[in-house]
Amino acid sequence: MKGSLVIMGNAESGNNNAGNLCSAATPSPSSSSANANRATKLPMPDSNELEKRFTKVLHSMDLPPDKAKLLKQYDDEKKWDLICDQERVQAKELPLFYINKLKMYLDPKASRSSRKRKMMGDSTSTQVLRDLEISLRTNHIEWVREFLNKENQGLDILIDYLAFRQVVMRQEQIISKSLQRSIDNMTAMTNGTISVRSTSRAVLEVDTMRMRRASKHIHKLNMGEAKDDIHVSIMCLRAIMNNKHGFNMVFEHTEAINCIALSLNHKRLRTKALVLELLAAICLVKGGHEIILNAFNNFKEVCSETNRFETLMGYFMNYEVFDIDFMVACMQFINIVVHSVEDMNFRVHLQYEFTQLGLDEYLERFRYTESEELRVQISAYLDNVFDVAALMEDSETKSAALENVADLEEQLSHAHDHMQDLENEFMARIVELENHMHDLAAERDELKEMHRVVNDEYDTLKKRVNETEEESRHRESLLENKIQELEKLSQLPKGSLVPLRSLSSTAVCPPPPPPPPLPSSSQKISGPPAPPPPPLMGRQFAAPPPPPPGMLTVPSDVMTIKRRVQTKYKLPTLNWIALKPNQVKGTVFHELDDDKLFHIIDFIKFEEEFKIGHVGANPDVDYESLHSFGSKRFKKPELVSLLEHNRLRNMAISRRKMDLPIDVVLRSVNNLDLKTLPLEHVEVLLRMVPSEQETKLYREYERERKSLDVLTDEDKFLFQLCKVERLSPKLNIMSYMGNFFENIQLIMPQVHAIIAASRSIKNSQKNS
C-alpha cells in the first residue's frame, strides 16, 4: 500500500481486537483509590503475596496483553487498591436473572399472564439491558462465562431479542416513511378526500394483525423504545467481545454478525458508529472479511438494496446532522474492507463497488475537511486506490522495459564475449611479448658475453701489440748495433750510413709486393726462390745484402686452399658461414691437415651415421673412399620427402638421438612406458609431433596408394606417428610424469616460504 491504513484495533488476532473494543473493563486507579478511601482499607501484605493476588486479579479480568502489561507497571500501592476494588465487587444479579427477563420479553404468552407481568416489575426492557451491559463490563470474567455457557445460552437469547427489536424498528420505519409519503402526496394534490383515503389505505396495508399484537405485547410488558433497546444491545455485544472467549463466540455466530450489520438502520449516528467499530474489528481477524461481506449480502437482501453497501453510503454521504465519530468510523470501515484484501483483483472489485456508489467523487470534495482524524482516513483510502488504467500503462511500460532489458542483456553478453576475446588476445599478446622480452634478454646476455669476449680479445691484442712494439724496438736496437758492426767491418767512412732510427724518421719504406700465387695443394712448394725485396729508399745508406740462396721460406699468413669433397649421402649442415682464405689465420683451421684426417677417420661410416638422404649418386656404384671424388657420377633416383628441408634435417638429428625402432617407440607411447622410452626421448618426440598440415599430407599420400618405400626414413617415422591416437596428450602426460618429482622439488621452497610467512602472520602480535 502507498500509505498505512488508520484503523481501530489490531489486525493480528481476534483476541487483541476483543481487548481493544472498550476500555471500560479496566478500572480507573483514581476511582478505585476514591472507593478505597471511603471504606476501611485492609493492610497491605508482603510483596510475594501481593504479586500472587495481583496476578490472580489480572487473570480474572481477562485483559489483552498490552493493557495487562500497563497494569503491571503500577506501584504496590495502586496494585493493592486494584486488588481491594476487585474483591469488593459483587455481582448485583446472577446471569440467570437477566436471561429469564429477556426470555419473558420474547415469550408472546407473557403479556397475557398477570403473574409474569408482576415478575417483570416496573423497570423497562431498556433498563434491564443497561444493567446487563454494566454487569458484562464490570463483573468478573467467570460471571461473563456463566452468562455465555451452554446451559444459559445468553448470547443466543440476546441476539434473538436484538433481532425481535430490529423487526419492530423496521416496521416502525416503514410506517413512518409511508405516512411521510402520504403527507407529501396530499400537499401536492388539490383533492383532499382522495389524498386522505389513499393515506389511510397505505397505513392500513402496513398495520397488519402481527404488528398490532406485537404492539400490545410491548405495551403490557412495559418494554422501552426499540431504538433504545437496539443501541444498548449493541453495547452488550461490545462488552461480550471485550474478552477472548466472548469475541470468539460472536465471531462464530453468523446470526449475531448479521444482526449487528442490520443495526446500521438505526437512526442514531452513535449507534451506527458503534456498529461499524464492531464490524471493523471482526473484519480484521483471519476469515472475518468474508463473514462481513456475507453479512452485508444479507443486509442487501433484507433491506432490498440495489447495490451492496448502498444504505451505508447513503448515511455517509447524505447525512442530516454531521457526526465526526460516525464519519471517521465509516471511513475506517471502508478502508479495512477494501484495502485489507491480498488478492489484487478482488480488491479492485470492492473498490469499484464503492466507486459506483459515488465514493471517489465525494472524497475528493471532502478531502480537505477540518477534522484531522477524518482527513487521515480519507487520505489513506485515496492513497491506496488502484488506478487500473495506470496499472495497464505500467504493464505496457514494463513489457517494453523487459524487452529493452533483454536487448541490453544480449548486448551485454556480446560485449562480455568481445571483452573476453580481447582479454584472451591481450593475454596471448602479453605472453608473446614476454617471450620476445625473454628472447631479447637472452640476446642481451649473449651480446654482453660477446662484448666481454671482444674486450678480452682487445686486451689480448693490445698486449700483443705492446709486446710487438717492444720487440720491434729491441730488434731496431739490435739492427743498429749490427749496422755499426758492418760499418766497422766494411771500413766505410764514419757517417756514410745513417742509423735506422733516423732513417725511419726521414723516409718511409714502401710495402712489399704481394706474394706470388701458390701452387696447387698436391704439389710441394719448391723451385727458384722469390725475387729479393726492393732496396730501401734512402739517400744516405745502401740496402742490406740479400739472404743467401736456398733460404727462402713461405710467408706465415699464406694458407693452402682446401679441396671440396663430394659426399655419397646428404648430410646435415651446420649453421655457420665459411671463412675466406684470408680470414683463417689465427683459427684452428689454419694448421689443420685434411688429408691426414682422411686416413684417421672412417668417413664412409661417418656418412652412414649422419646421412639424411642420397645426393643423387647411383647406389650400385662402389665408392671406395672419399678420395674418389673425381670419378664419374651416376644418377640415382632420389627418395621422396614430404617435409621441408629444415624439418627433415631436424627429424634426422632427433632420430639419431633416440636410436630406437619405430615399433618400440609406438608401443612405449601407447603404454606410457617411461622405462623403455626415457624422459629425454619423450621431450625429443614432443618436438617431432606431426603438425596438422603434415598429417593431412601423409593421409593424402596414403589415400593415393603411393608406395611408402620411396619415402625417406624420417617420413616413414612421421607417417607411423600420425597413426597414434592422441599423440600430443600422451606425450604431455609422459612428460608430466617424468618431471613430476622435479617440479615438486622446484615448488617446495616456495611452499615452505608461504608456510613460514603464514606462521609469522599468525604469531604476529599486531594480529593477535
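Which residue forms a salt bridge with R165, and how far apart are the closest N and O atoms?

**Entry 1. Basis.** I worked from a predicted model, in which local features need pLDDT of at least 70, side-chain atom pairs count only at pLDDT 80 or more, and totals for chains, interfaces and linings use all residues. Residues are numbered from 1 along each chain as its sequence is written, and side-chain values use heavy atoms, with hydrogens and water left out.

**Entry 2. Salt bridges.** I took a salt bridge to be a side-chain nitrogen of Lys or Arg within 4 Å of a carboxyl oxygen of Asp or Glu. Side chains of opposite charge can pair when their charged atoms come close. The partner of R165 is D229, with the closest N and O atoms 3.0 Å apart. R165 belongs to helix α10 (residues 154–188) and D229 to helix α13, so this pair ties together parts that are 64 residues apart in sequence. For helices I used DSSP runs of H or I with at least four residues, and for strands runs of E with at least two, numbered from the N terminus. R165 and D229 are both buried, a term that stands for under 20% relative accessible area, with exposed over 50% and partly exposed in between (1.4 Å probe, protein chains only).

I next looked up E694, which forms a salt bridge with R647, also with 3.0 Å between the closest N and O atoms. E694 lies in helix α30 (residues 692–703) and R647 in helix α27 (residues 645–658), so the pair joins parts that are 47 residues apart in sequence. E694 is buried at a relative accessible area of 13%, and R647 is buried at 18%.

K706 and E704 form a salt bridge at 3.1 Å, and K706 is partly exposed at 45%. I also noted a network of salt bridges that links E449, R452 and D456. The structure holds 13 salt bridges.

**Entry 3. H231.** Helix α13 spans residues 226–240 and contains H231. H231 counts as buried, at 9% relative accessibility. With neighbours within four places in sequence set aside, H231 is in contact (heavy atoms within 4.5 Å) with H266, R268, R270 and T271.

**Entry 4. Rings.** I counted rings of Phe, Tyr and Trp (its six-membered ring) as paired if their centres lie within 6.5 Å, with planes under 30 degrees apart stacked, over 60 edge-to-face and the rest tilted. The search of the whole structure gave 14 aromatic pairs. F740 is partly exposed at 33%, whereas F741 is exposed at 63%. Ring pairs also link F296, F299, F309, F333 and F354 into a cluster.

**Entry 5. Surface patch.** I found a nonpolar surface patch of L574, W576, L579, V588, F589 and L592, with about 650 Å² of accessible area together. Patches are made of residues with over 30% relative accessible area and no salt bridge, like charges being joined within 9 Å and nonpolar side chains (Val, Leu, Ile, Met, Phe, Trp, Tyr) within 5 Å. W576 sits in the loop between β1 (569–570) and α25 (594–600), and W576 is exposed at 60% relative accessibility.

**Entry 6. Whole protein.** I recorded 32 helices and two strands. Of the 768 residues, 31% count as buried. The protein exposes about 51,000 Å², of which carbon and sulfur atoms supply 55%; these accessible areas come from the Shrake-Rupley method with a 1.4 Å probe, and for residues only the protein chains shown count as cover.
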